[in-house]
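Here are my notes on the model you sent over.

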Amino acid sequence: MDLEACLSGVGQLEDNSASGGREEGDCVQPAPGIGSAGQWLLLPLPHVTELLAEQSGEVALLAVVCRDFWRRLWDTAEGWQLRTPCVALHANSDPKCIQKIHLGSVRHLSVRDSPAVLGERSVLLERFLTSALALRHLQLSFLGSSLQSLWISLLECMANALQVKSLPLQVFRLDGMIFPAAAAHALGDAIGACCSTLREVSIDFADTSGEGPLDDARLWAGFALVEQLKGLHLAGLRTSASTCHGLTQILRRCSKTLRSLRLGNGVAESMVAPPSVLEVEPAVAATQVALLVSPEFQELLSAGEPLQLHTLALSGLKAPLAAGQGVGLSPHTANLAALLEAAVLLSGPLTSLDISQNLAIAAAPLVSPSGVTSGEAALHHILEACASLTALDVSHTGFCILELSPVLAAHGATLLELRLEGCSIAADVGPHGERRVSKLAAALGQCEHLQVLELGELGIVPALRRP
């Protein structure tokens, strides 16, 4: 339902209500006990609308349909303003509609590819952050290539507004393509300003601008202030050599509350290559250091031992590169092996596992005390250690899906999401591989509650399309 269409019918609704037997004055008077936004937020109605609606247009529609509620959902102190807990702005949102929203009632704000609404100087975002005093959930998503230049002004606006007036922000999400290196300070300041209330932080980008790592000292300093983080997702940030130390501080401070940990791309790469690894001479890497876990990384692993995670993602890890030899033993081979072994220990209580985009890791040689000699074997050990998964993503790992039959059979009763795109199928599929294909089909058949299945090009393999 279009918010503008709903808002334009407010006057008609008042006339219809009056003609239905109610006096006109009765329609515009606020309900008893709802004189301010603060009092309104204490009532059950905001919680009901929050569950029923994801956008302000849906709240306006609810006000139209439920005639007994509509008076309570509109504020008339400064003209007609919709009391809505949820606002979702998109590329076609009209900035004029924002004027008809009572910002004091907004709890969830989602902005997706909406430059016209925010403007170059982020005036409307600043207005939201300074007026929406009950804002708990903020998501900014800009995926268009022409919109990436907005990130610096957006994050600087956020940092300035949040430092002036603190908000009870619990969920903070950023989705984009290129993270601007110059915005790392502002991002750290924004996180630090909400440290007492933040519960989930998700920063998901494809890459970072520039060539070198971020100047991320203030970013990690902001995270270090967060006390009860439940979810952390960092991907695409080309963080510096202090990544191990920064993550160690987070895990130590939030070890009892953290339930979702997702690391990928630049962050994961920096994590397994701390300063002590980068300073090693390539000539001695394969003979001496490849078997030793660096001190910074060992400290990080120790901080993560008490974690009881429900969601774990280690995606886009880089394979060890030996000097002049391509993929091989390198200074951070031992760190990578130790990371995958630590993931095995954390896998027991997991309900969601993502090890996607690890094709290079699967083909890499490893050296570990447990005897694992390849990245593929280490990743399989993580799968085997999981007790009851509802979501599994092994896309673009190069796994042979015929070898995943035991895993799928073990989790078939609980699995809801399964992503296999980018996996492979054995070359002997045909008369000799018919039995293995049958086992795979039987294992998939046990996933009777599956809601999401991604096969990619595997879906056109003739052996998998046979009736």
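Which residues is Met158 in contact with, leaving aside its neighbours within four places in sequence?

1. Met158 has Leu125, Leu129, Leu138, Leu140, Phe172 and Ala190 as its contacts, with neighbours within four places in sequence left aside. Contact here means heavy atoms within 4.5 Å. The residue sits in helix α10, and Met158 is buried, at a relative accessible area of 0%. For the cut-offs, buried is under 20% relative accessible area, exposed is over 50%, and partly exposed is in between (1.4 Å probe, protein chains only). Met158 and Ala193 are 35 residues apart in sequence, and their C-alpha atoms are 9.8 Å apart in space.

2. Before going on, a word on what you are looking at. This is a predicted model, where local features need pLDDT of at least 70, side-chain atom pairs count only at pLDDT 80 or more, and totals for chains, interfaces and linings use all residues. Residues are numbered from 1 along each chain as its sequence is written, and side-chain values use heavy atoms, with hydrogens and water left out.

3. Now the overall count. The chain has 22 helices and 18 strands; these are DSSP runs numbered from the N terminus, helices being H or I with at least four residues and strands E with at least two. Of the 467 residues in the chain, 50% are buried. Take the contacts between residues at least 6 apart in sequence: 77% of them join residues at least 24 apart. The chain exposes about 21100 Å², and 54% of that comes from carbon and sulfur atoms (Shrake-Rupley method, 1.4 Å probe; for residues, only the protein chains shown count as cover).

4. Back to α10 and its partner. Helix α9 (residues 123-131) and helix α10 (residues 151-164) have axes that come within 10 Å and cross at roughly 25 degrees. That makes α9 roughly parallel to α10, and α9 passes α10 in a right-handed crossing. Who meets whom? Leu125, Glu126, Leu129 and Thr130 in α9 meet Leu154, Cys157, Met158 and Ala161 in α10. The axes are lines fitted to C-alpha atoms, for helices over the stretch in contact, with angles from 0 to 180 degrees between N-to-C directions. Under 35 degrees counts as roughly parallel, over 145 as roughly antiparallel, 65 to 115 as roughly perpendicular, and the rest as oblique. A crossing is right-handed if the near helix is turned clockwise from the far one by less than a right angle, and left-handed if anticlockwise.

5. Another helix pair to check is α18 (residues 333-346) with α20 (residues 375-385), whose axes come within 8 Å and cross at roughly 10 degrees. These helices are therefore roughly parallel to each other. On the α18 side the contact is made by Leu340, Ala343 and Val344, and on the α20 side by Ala378, Leu379, His381, Ile382 and Ala385.

6. On to charges. The structure holds seven salt bridges, each a side-chain nitrogen of Lys or Arg within 4 Å of a carboxyl oxygen of Asp or Glu. One of them joins Asp189 to Arg218, with the closest N and O atoms 2.4 Å apart. This pair links distant parts of the chain, 29 residues apart: Asp189 in helix α11 (residues 184-193) and Arg218 in helix α12 (residues 217-224). Asp189 is buried at 19%, while Arg218 is partly exposed at 38%.

7. Have a look at Glu454 and Arg419 too, a salt bridge with closest N and O atoms 3.3 Å apart. Glu454 lies in strand β18 (residues 452-454) and Arg419 in strand β17 (residues 417-419), so the pair ties together parts that are 35 residues apart in sequence. Glu454 is partly exposed at 30%, and Arg419 is partly exposed at 22%. Glu417 joins in as well: Glu417, Arg419 and Glu454 are linked in a network of salt bridges.

8. Finally, His137 is in strand β5 (residues 137-142) and is buried at 16% relative accessibility. Not counting residues up to four places away in sequence, His137 touches Arg107, His108, Leu109, Leu169, Val171 and Arg173.
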